[in-house]
Amino acid sequence: MIRVSVPLRQAIARLVLPVLIAASFALMLLGKAETVIAERARVALADLLVPVYGVLSRPIGAVQDAIEAVRGLAELHAENARLREENARLRRWYDVAMALEAENLALRAVLNVPADPTPGFITARVVADTGTSYARSVLVSTGPRHAVRKGQVALDRNGLVGRVSEVGSRSARILLVTDINSRIPVQIERTGARAILAGTNGPAPRLQHWADGQQPQPGDRVVTSAQAGAFPAGLPVGTVRIGQGGVIEVEPAADLNRLAFVRLHDYGLSGILPPEQVVPPRRRGGG
Amino acid sequence: MAAGLPGRTVLQRLDLAAHEAAPAALTLVLVFASCLPPLVPGQSGLLPSALPASVFFWTLYRPRLMAPPAVFLLGLVQDLLSGAPLGVNTLLALLMHATVLTQRRVLVRQSFLIVWIAFVILASALLALGWVLRCLLALALLPVLPPLLELGLVVAFYPAFSWFFVRLERSLAAP
């Protein structure tokens with residue numbers, strides 16, 4: 001180690017704090033101007049931590065399940081009655097769906113319409129909830145060899161969760177629909193009216209920019225719209241409700257508070273991401 | 001150089017280094033732990049961030065063990081993990097460190113309640129500054145409610161973190 005005189009060492013020690021404070025401001029500017037470097041650093045840290053989180057989140061999942069089970073015991077009777085009723089209703093819908101599917105297939109055959117390709121998906125485990133007061137995102141563990149790409153759509157079993165915003169070698173970050181930077185083109189299923197779903201960092205994102213005279217009504221189902229090529233049309237997003245102060249918000253269908261697994265769908269849409277951030281799809285199989 | 005005093009074995013030096021790194025390492029673990037999935041649905045993360053409480057506590061009682069570079073790195077890790085704009089948490093943590101250093105002599109002799117109140121005031125001021133900075137960086141008026149909830153949690157968790165840190169501090173004091 002270099003030997004320096006005591007006064008000099010004291011002077012350096014006194015300088016460290018102001019220099020680091022200045023470095024913080026420099027970081028803020030760097031993060032604004034050079035998003036690629038910041039992203040690379042984030043992805044590297046996420047890749048490093050995801051295996052650890054993967055191990056640690058398992059016992060937490062077990063405790064979560066235990067808490068849910070105890071809570072569920074109290075409402076077992078009411079829940080059972082509700083499920084019976086729902087089951088009866090769903091059976092009816094099942095018959096309707098089967099009839100419609102048969103009819104649909106018959107009509108497609110008549111018209112010679114090719115069937116929609118079934119999109120491929122991978123299922124990934126949510127290992128960390130990196131949400132703060134200012135950003136809503138989760139980290140998923142994707143395994144070392146995967147075909148996850150930026151802009152892919154993430155769904156849980158009920159509906160839209162968000163989209164992939166960063167991809168590392170074994171991790172991916174999903175920007176949730178509730179994040180303040182999330183903007184998703186949606187449409188009201190009943191009327192077909194288009195709108196933008198804007199995250200607020202709160203639990204329910206808001207609807208914005210609908211056409212005049214097509215105001216969404218509480219209870220309307222909201223689905224994604226294929227506008228702008230960001231999302232495939234018709235993915236369930238949530239239900240319209242009136243929030244505090246008369247704001248029109250959407251109650252997400254996905255259980256964003258308890259994400260355990262998400263499906264990352266590959267619809268082959270480049271989305272609203274800038275072209276340089278979109279990697280062309282990798283050819284699968286055959287090599 | 002301090003570790004190079006004559007008569008110290010390698011093990012003793014390692015022990016000393018472990019002592020010196022303990023507070024920052026513990027804070028790092030707590031920062032990582034704050035991102036584990038929450039036990040009760042609705043929270044964001046398992047714990048509120050331990051960064052303000054930890055920087056406050058260690059700067060107050062053992063400033064040598066929470067040096068500015070450690071504070072900076074801890075803030076940076078927090079920023080990188082949360083995917084938020086870089087630099088905000090590093091700045092807030094450094095300002096917390098600097099402010100506590102100036103008030104150390106007065107605060108260190110006070111009771112726990114007074115120290116907690118001082119933490120509440122300081123944390124409120126810094127989280128407010130954080131909100132302003134993030135609004136400036138996003139060029140938008142961000143919602144106020146989530147940061148207020150965060151402040152509530154950070155303040156409410158201070159006694160728990162403090163209890164935990166006191167245990168560690170005592171074990172460090174009596175090696």
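**View 1. The largest nonpolar core and A:I174.** Of the 88 residues in the largest nonpolar core, A:V140, A:V161, A:I174, A:L197 and A:V262 touch the most other members. A nonpolar core here is a set of buried Ala, Val, Leu, Ile, Met, Phe, Trp, Tyr and Cys residues joined through C-beta atoms within 7 Å. A residue is buried if 20 or more other C-beta atoms lie within 10 Å of its own, exposed if 12 or fewer, and partly exposed in between, with C-beta atoms placed from the backbone. The model is predicted: local features need pLDDT of at least 70, side-chain atom pairs count only at pLDDT 80 or more, and totals for chains, interfaces and linings use all residues. Residues are numbered from 1 along each chain as its sequence is written, while chains are lettered from A and ligands numbered from 1 in the order in which they are written. Leaving out residues up to four places away in sequence, A:I174 touches A:S137, A:V138, A:V140, A:A154, A:V161, A:G162, A:R163, A:V164, A:S165 and A:V262. Contact means that two C-beta atoms, placed from the backbone, lie within 7 Å.

**View 2. Strand β1 of chain A and its two partners.** β1 (residues 120–129) pairs with β12 (residues 261–266) of chain A in the antiparallel sense, over 6 bridges. Strands (E, at least two residues) and helices (H or I, at least four) are DSSP runs, numbered from the N terminus. Pairing requires that DSSP finds at least two bridges between two strands. A:R125 stands opposite A:F261 in β12(A). β1(A) also runs antiparallel to β2 (residues 137–141) of chain A, joined by 4 bridges. There, A:D129 faces A:V138 in β2(A).

**View 3. Strands β9, β10 and β11 of chain A.** β9 (residues 221–224) and β10 (residues 236–242) are antiparallel, with 3 bridges. A:R221 has A:T239 in β10(A) as its bridge partner. β10(A) is joined to β11 (residues 248–252) by 5 bridges, again antiparallel. A:G238 stands opposite A:P252 in β11(A). β10(A) and β11(A) form a hairpin with 5 residues between them. In the turn, A:G245 has a positive phi of about 75 degrees.

**View 4. Helix α3 of chain A.** The 36 residues of α3 (residues 76–111) should span 52 Å at 1.5 Å a residue. The expected span is 1.5 Å times one less than the number of residues. The end C-alpha atoms of α3(A) are 50 Å apart, which agrees. The helix is hardly covered: its count of buried residues is 0. Just after α3(A), A:N112 takes a positive phi of about 65 degrees.

**View 5. Two loop residues with positive phi.** Most residues other than glycine have a negative phi. A:N201 has a phi near 75 degrees and lies in the loop between β7 (194–198) and β8 (206–208) of chain A. A:N201 is buried, with 23 other C-beta atoms within 10 Å. B:L139 has a phi near 55 degrees and lies in the loop between α5 and α6 of chain B. B:L139 counts as exposed, with 7 C-beta neighbours inside 10 Å.

**View 6. Where chain B touches chain A.** 36 residues of chain B are in contact with 42 residues of chain A. α3 (68–82), α4 (88–107), α5 (112–138) and α6 (145–173) of chain B each supply at least two residues of the side that touches chain A. α3(B) gives the most, with 6 residues. By class, this side of chain B has 27 nonpolar, 7 polar and 2 charged residues. Ala, Val, Leu, Ile, Met, Phe, Trp, Tyr, Cys and Pro count as nonpolar, Asp, Glu, Lys and Arg as charged, and the others, Gly among them, as polar. The predictor gives the complex an ipTM of 0.81 and a pTM of 0.79.
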